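Hello,

Here is the structure I promised to pass on. My notes follow below it.

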Amino acid sequence: MEQTPILEVEGLCTTFGRGGQTLPALRDVSFTVGEGEVLGLVGESGSGKSVTLRSVLGLARRYGEVTGSVRWQGQELITKSERDLRPIRGRDIAMIFQEPMTSLNPLLTVGQQLVETLQAHTDLSRKARRDRAIEMLDLVGIPAAASRLTDYPHQFSGGMRQRVMIAIALAASPKLLLADEPTTALDVTIQAQILDLILRLSSDMKMGVIMVTHDLGVVAQTCDRVAVMYAGRIVEQGPVRQVLRDPHHAYTVGLMQSVPEGVAPRTQLYSIPGTPPSLAHLPPGCAFAPRCAASTEACLATRPALLRVSEDRQLACFNPKNQTKGCAA
C-alpha cells in the first residue's frame, strides 16, 4: 500500500568549505517518507547518511550551505529561518543522535532534560510535564522510572542512555523520527530491544522513521524501504525485500557480499576493493567506478542520474545488467 508522504526531499545538496575549497557532502539526494513508514539509509562511513539527517533538520547549514527542497507536510523547510524551524524541531521532527554520552548534557539530570523538551514543545503544566517524563522513561523500558529522574547520564549504562535519548526524542510525540545509528556500540540483546521499541512506537504513533545504519541486518529487520548511499548520493532505492534479494547497483552487491553469511571457517572474507573517494577529489563520472569491476568508459566520464527503473525502484547505474557478475569477479 502506497504511503502518503509526510516528508519530501528533492535535489538536496550540502557543501562545506575548507580553505577556499568547496566540498560536496551531498549531491542531488531525493526521497520521501510516509506516515508510519521506516526508510533505511545505508552505506559506508562517510557516504553522507548523517549529513542527510542534519540537512533535513536544518542543522548542517550552521557549518555549510544547503540547497534543494525539503518539504514537511507541504511546508518548505530549506527557506525557513532558525526561529521558524525551532518549533518544528523536537515537536514535529525529532532526532536520536549517534552517541548518547556526547548528546546528553552531563550537568543536568535526565529528568531536567526530558522536562526541558516538554516545556519547549508542549503546553503541559509542571506536574503534567513530570508525569509525562516518568511515562516516557517507563515507555522505553527504564525500571523504577520515577526514581531515575534525578540521576545523571553517567549513572546509566550505554543501553539505558540510548533509551533516555529515545525518550527525549519521543516526549513531544513527533510525527517523524530521525535515528542516526541508534544501536551503535550496543550489545546484540540491547540492540534488538531498542529496534523493537522504535518499531513498536512507530506503529503505535503512526510515526515515520529514517533509520541511518551501516548494518544490512538492521535494515532487513526494521525498514520498509532502503536507500543505498555512496559518496554523497543515493545510488539505489526501493523496497527492502527487492533491493536485498535482487540488488542492481554494483555497490549494493558489494555490501551484500561483505556480509559474512554461511562462510566456511578460515575463509577470507569478501571486502569491496579500494576505498571511498575523498570529497576533495571526486571522480568526474560515477563515484564508484574506480572500485567497480564492471565499469565502462561511460561510467568513468559521466555521472549517472538516479532514474526510476520500475514502479518502486530507482537506480543510478549505466551497466546494471552485467554489474553483478563483474562485482563478484
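How many helices and strands are there in the protein chain? There are 13 helices and 12 strands. Both are DSSP runs, numbered from the N terminus: helices are H or I with at least four residues, strands are E with at least two.

Some ground rules. This is a predicted model: local features need pLDDT of at least 70, side-chain atom pairs count only at pLDDT 80 or more, and totals for chains, interfaces and linings use all residues. Residues are numbered from 1 along each chain as its sequence is written, and side-chain values use heavy atoms, without hydrogens and water.

Overall shape. The C-alpha atoms fill a box of roughly 65 × 50 × 45 Å along the principal axes.

Packing. Of the 329 residues, 49% are buried (under 20% relative accessible area, 1.4 Å probe, protein chains only). Among contacts (heavy atoms within 4.5 Å) with a separation of 6 or more, 65% link residues 24 or more positions apart.

Helix H1. This helix spans residues 49-56, and Lys49, Thr52, Leu53, Ser55 and Val56 are buried in it. They lie on the same side of H1, because their arc around the axis is only 165 degrees (from the directions from the helix axis to the C-beta atoms). Gly58 follows H1, with a positive phi near 80 degrees.

Best wishes

Conventions. Buried < 20%, exposed > 50% of the residue type's maximum accessible area, 1.4 Å probe, protein only.
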